[in-house]
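Please open the model in your viewer and keep the selection panel at hand.

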Amino acid sequence: MDLAKQKQFFQILEQKLNGMGMQTAAAAGAGAPQIGDTLRVLVPITDGGDAVLMELMAAVIDEETDLLQFYTTMVMELDVDRGQLAQTLLQWNFLCPLGAFGVFEEGGQLYHKYGVLLTGEEELEELTERVILILSVLYEVIEQKYPLAAKFAKG
């Protein structure tokens, strides 16, 4: 997916997500291997107003293939025994239908990550609908684990 098509895709996706009541914001690309900008989505996860930050970004795999990555920060700062957390993540990942949970050690963040390969030949409307479907499944996965993840947070 070239940069112009990616921007158009993110614009369509952003409009749909905003229409669903989610807050979105564009962020400048982080450089190689990323080919463009990131779409950040604040996803409400509880009735009490808690939300997680999901970032969608495209990365070049080769001349014909790109990766669309969904990276969700569930907890910004962890306050838990790392051995206990490792055991918990092993259990979560064993049963996780899409993607995997992990810990970004440098920042101490608990995250969920999933990626889907793109050929660049997808029609943007169809791709947008596919991404919305993926987001609905990811929402269920993250919502289910969020209560325990919140207990791992400092504070």
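Begin by selecting W92, F101 and F152, which ring pairs link into a cluster; rings of Phe, Tyr and Trp (its six-membered ring) pair if their centres lie within 6.5 Å, and planes under 30 degrees apart count as stacked, over 60 as edge-to-face and the rest as tilted. This is a predicted model, in which local features need pLDDT of at least 70 and side-chain atom pairs count only at pLDDT 80 or more, while totals for chains, interfaces and linings use all residues. Residues are numbered from 1 along each chain as its sequence is written, and side-chain values use heavy atoms, with hydrogens and water left out.

The structure holds five aromatic pairs. Select Y71 and Y111 next: their ring centres are 5.0 Å apart and their planes at 20°, so the pair is stacked. This pair links distant parts of the chain, with Y71 in strand β4 and Y111 in strand β6 (residues 109-118), 40 residues apart; strands are DSSP runs (E, at least two residues), numbered from the N terminus. Both Y71 and Y111 are buried, where buried means under 20% relative accessible area, exposed over 50% and partly exposed in between (1.4 Å probe, protein chains only).

Return to W92 and F101, whose ring centres lie 4.9 Å apart with planes at 70°, so the pair is edge-to-face. W92 and F101 are buried as well.

For the last stop, select E64, in the loop between β3 (51-60) and β4 (66-75). E64 counts as exposed because its relative accessibility is 64%.

Terms used: Helix = DSSP H or I, 4+ residues; strand = E, 2+ residues; numbered from the N terminus.
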